[in-house]
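Thanks for making the time this morning.

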Amino acid sequence: MKRIFLIFSAFIILMLFAGCNNTEVSQHDKDNSADVPLNTDLSINSNTAFAEFRTRYIMEFYGMHDFVAKLVDEDRLWDWMTMFETGERSLWEMTLLSQVTELEISQEALLDANRESGGLFSDEQIKSLYSGDIKKVNEAFANPYSLVVDGEIFTPDWLTQHSPDDYIKNGITSDILKEYMIKIDIPELNFAYASIAINANAID
C-alpha cells in the first residue's frame, strides 16, 4: 500500500501542473457565491506559470504529506484519495483542512506528527484548522502574494479579473492596495501589477 500511495502522490503532483479542468474554489466561496464574487480564477489547465505565487494558499497546504497520511487508516485514505484520481473532486480540494475534517485527524495527533517530521507548519497554523473559522485558516495559510482582507483571500488573478466596484464591495481600499502592490512588484507577477494599479487608482 505504501508504494501505491507514493505513486498516487506523484500522480497528483503531476496533475496539478500538467493540466486538468479544475479551478481553485474554497468552501467559503461555494457557500457564499450568491453574495460575493468567487475568490478564485486560477485554472489548472490555463496559464499556470508561477502558480506558487498565485494560489490562494501556500503550496504546502495542498496535497498529502507523508506525516499526515500515517495518521489515517490506509483503506480509508485510499478511498478518500480515489475521489481526486477519478475527477469526482477537484485536486485543489485536497488540502490540509479537508484532510483534518473529512479524515477526522485529531489536533493532538497532527501537532505531534508535524513536530516529529520537522515542523513544516507552526502550531498556530495547525490549531487554526480546528477553530471552525475559515477566516482563521485563511489568515494562517494564505499565500503571501495573495491579498487578505478581513480574513478573505484575494489572489492576484482575482484582482486582475474584477472591477474597482468589486474591490470596494469586498472592503479593498486604495491604501490596502498600495501596500499590497509593493509585495507583488516582482517579475513573476508582472501580469497582474499593471491591472491592479489601474484599479487602485480608480478607487482613490
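Let me start with a question: is D150 buried or exposed? D150 is exposed, with a relative accessible area of 59%, where buried means under 20% relative accessible area, exposed over 50%, and partly exposed in between, with a 1.4 Å probe and protein chains only.

Before I go on, a word on where the values come from. This is a predicted model, in which local features need pLDDT of at least 70 and side-chain atom pairs count only at pLDDT 80 or more, while totals for chains, interfaces and linings use all residues. Residues are numbered from 1 along each chain as its sequence is written, and side-chain values use heavy atoms, with hydrogens and water left out.

Back to D150, then, which sits in the loop between strand 1 (147–149) and strand 2 (152–154); helices (H or I, at least four residues) and strands (E, at least two) are DSSP runs, numbered from the N terminus. The phi of D150 is near 50°, a positive value in a residue other than glycine. E104, in the loop between helix 5 and helix 6, also has a positive phi, near 55°, and E104 is exposed, with a relative accessible area of 60%.

D150 also forms a salt bridge with K135, the closest N and O atoms being 3.3 Å apart, and by salt bridge I mean a side-chain nitrogen of Lys or Arg within 4 Å of a carboxyl oxygen of Asp or Glu. This pair links distant parts of the chain, since K135 lies in helix 8 and the two residues are 15 residues apart. K135 counts as partly exposed, at 29% relative accessibility.

The structure holds seven salt bridges. In one of them the side chains of R54 and D157 meet at 2.6 Å, N to O. R54 is in the loop between helix 2 (27–31) and helix 3, and D157 is in helix 9 (residues 156–160), so the pair ties together parts that are 103 residues apart in sequence. Both R54 and D157 are buried. D123 and R115 form another salt bridge, at 2.8 Å between the closest N and O atoms, and here D123 is partly exposed at 24% relative accessible area, as is R115 at 46%. R89, E93 and E102 are linked in a network of salt bridges.

Now to the interior. In soluble globular proteins, nonpolar side chains tend to be buried together. The largest nonpolar core here has 30 residues, and those with the most contacts inside it are F61, M64, L110, L129 and F141; such a core is a set of buried Ala, Val, Leu, Ile, Met, Phe, Trp, Tyr and Cys residues joined through side-chain atoms within 4.5 Å. Several helices each supply at least two residues of this core, including helix 3 (66–69), helix 5 (96–102) and helix 8 (134–141), and helix 4 gives the most, with four residues. Apart from this core lies another, of 19 residues, among them I186, L189, I196 and A197.

Finally, which residues of helix 6 are buried? They are L110, L111, A113 and N114, and what covers them includes helix 3, helix 5 and helix 7 (123–128), with contact taken as heavy atoms within 4.5 Å. Helix 6 is followed by G118, whose phi is positive, near 115°.
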